[in-house]
Amino acid sequence: MNRTWAFTSRNIKELLRDPLGYIFCVGFPLIMLIIMTVVDQSIPKETVKTFHIENLAPGVAVFGQMFIMLFTALNISTDRSGTFLMRLYATPMTAGDLTAGYIIPMLIVSVVQSIITFAAAFIISVIIGNTLNVLGVLLCMLLLIPSALMFIGFGLIFGVLFNEKSAPGLCSIIISLGGFFGGIWFDAQSTGGIMLKLCKCMPFFYCTKSARSAVVLDFSGEGFLLPLLIVVVCAVILTALGCFTFSKKMRADLG
């Protein structure tokens, strides 16, 4: 456990030293929150409900988590490209120690990111006169943890399998797919047809749906329980797959 926390501490310090982390993990979601709120205030309220603050805030929170995936992949792939990980392989640290040391910092960053995003969203909601439900916000932040683990799992897999040049490109594809098929910037439910079917084939859609349902305290099975279950299952599978991939790669490098 001491080895894990020592490695976790090292990775947190690396993240804090990187200014791009502040820009993409904190700054960019806040900018999108402000811009889309301005857009929402400029169009008829009944036209597009996606940009209403109770829908926008959880969507932006999920979108921000996709950049956590990018930095997870970058952190691991950069360590692999040098000799840092190879030196760690020679220590008593196990694959479990190493993967936990990568996952925990990113999970902490994700939680902090959600707190900042919803704090800004709450201030905006007071300004525009549409105050968010505090209990719903707290519940949403709690339920965003499984989706954070899902994206960290993606980053873990990409960071292990690809180098520091390829991994960011693949993460960018996931970010684009997540932003579009997650229904973050449009109402996929109202669109219907083949677009809705495509969205339902992607786990990102359920991340957004469960987060939005939590904010408004909508606990209906279709809007909350089923999407949440799907997100939890995806998080478990991707995290386990990422850990397995890391362990297998470690054994291959040592062999």
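Helices here are DSSP runs of H or I with at least four residues, and strands are E runs of at least two, numbered from the N terminus.

**Ground rules.** I'm working on a predicted model, where local features need pLDDT of at least 70, side-chain atom pairs count only at pLDDT 80 or more, and totals for chains, interfaces and linings use all residues. Residues are numbered from 1 along each chain as its sequence is written, and side-chain values use heavy atoms, with hydrogens and water left out.

**Pockets.** I went looking for open space on a 1 Å grid over the protein atoms alone: a pocket is an open set of points where a 1.4 Å probe fits, with protein on both sides within 12 Å along at least five of seven lines, and lining residues have an atom within 4 Å of a point. Volume is the space filled by probe spheres set on the points, which are joined across faces, edges and corners.

I started with the largest pocket, at about 380 Å³. It has 19 lining residues, with N55, D187, Q189, K209 and R212 nearest its centre. Two or more residues each come from α3 (53-81), α8 (188-191) and α10 (203-215). I noted α10 as the top contributor, with five.

Next I looked up the second largest pocket, about 290 Å³. Its lining has 14 residues, and L15, L16, Y22, V26 and V109 sit nearest the centre. Here α1 (2-17), α2 (19-42) and α5 (95-128) supply at least two each, and α5 gives the most, six.

The largest pocket has four nonpolar, nine polar and six charged residues.

**Rings.** I paired Phe, Tyr and Trp rings (six-membered ring for Trp) with centres within 6.5 Å; planes under 30 degrees apart are stacked, over 60 edge-to-face, the rest tilted. That gave me 14 aromatic pairs. F151 and F204 are stacked because their centres are 6.0 Å apart and their planes at 10 degrees. This pair joins helix α6 (residues 134-161) to helix α10 across 53 residues. Ring pairs also tie F151, F154, F158, F162 and F204 into a cluster.

I checked accessibility too (buried under 20% relative accessible area, exposed over 50%, partly exposed in between; 1.4 Å probe, protein chains only). F151 is buried at 0%, and F204 is buried at 2%.

Most residues other than glycine have a negative phi. L217 has a positive one, about 55 degrees. I found L217 in the loop between α10 and α11 (221-254), partly exposed at 27%.

Technical notes
Nonpolar A, V, L, I, M, F, W, Y, C, P; charged D, E, K, R; others polar.
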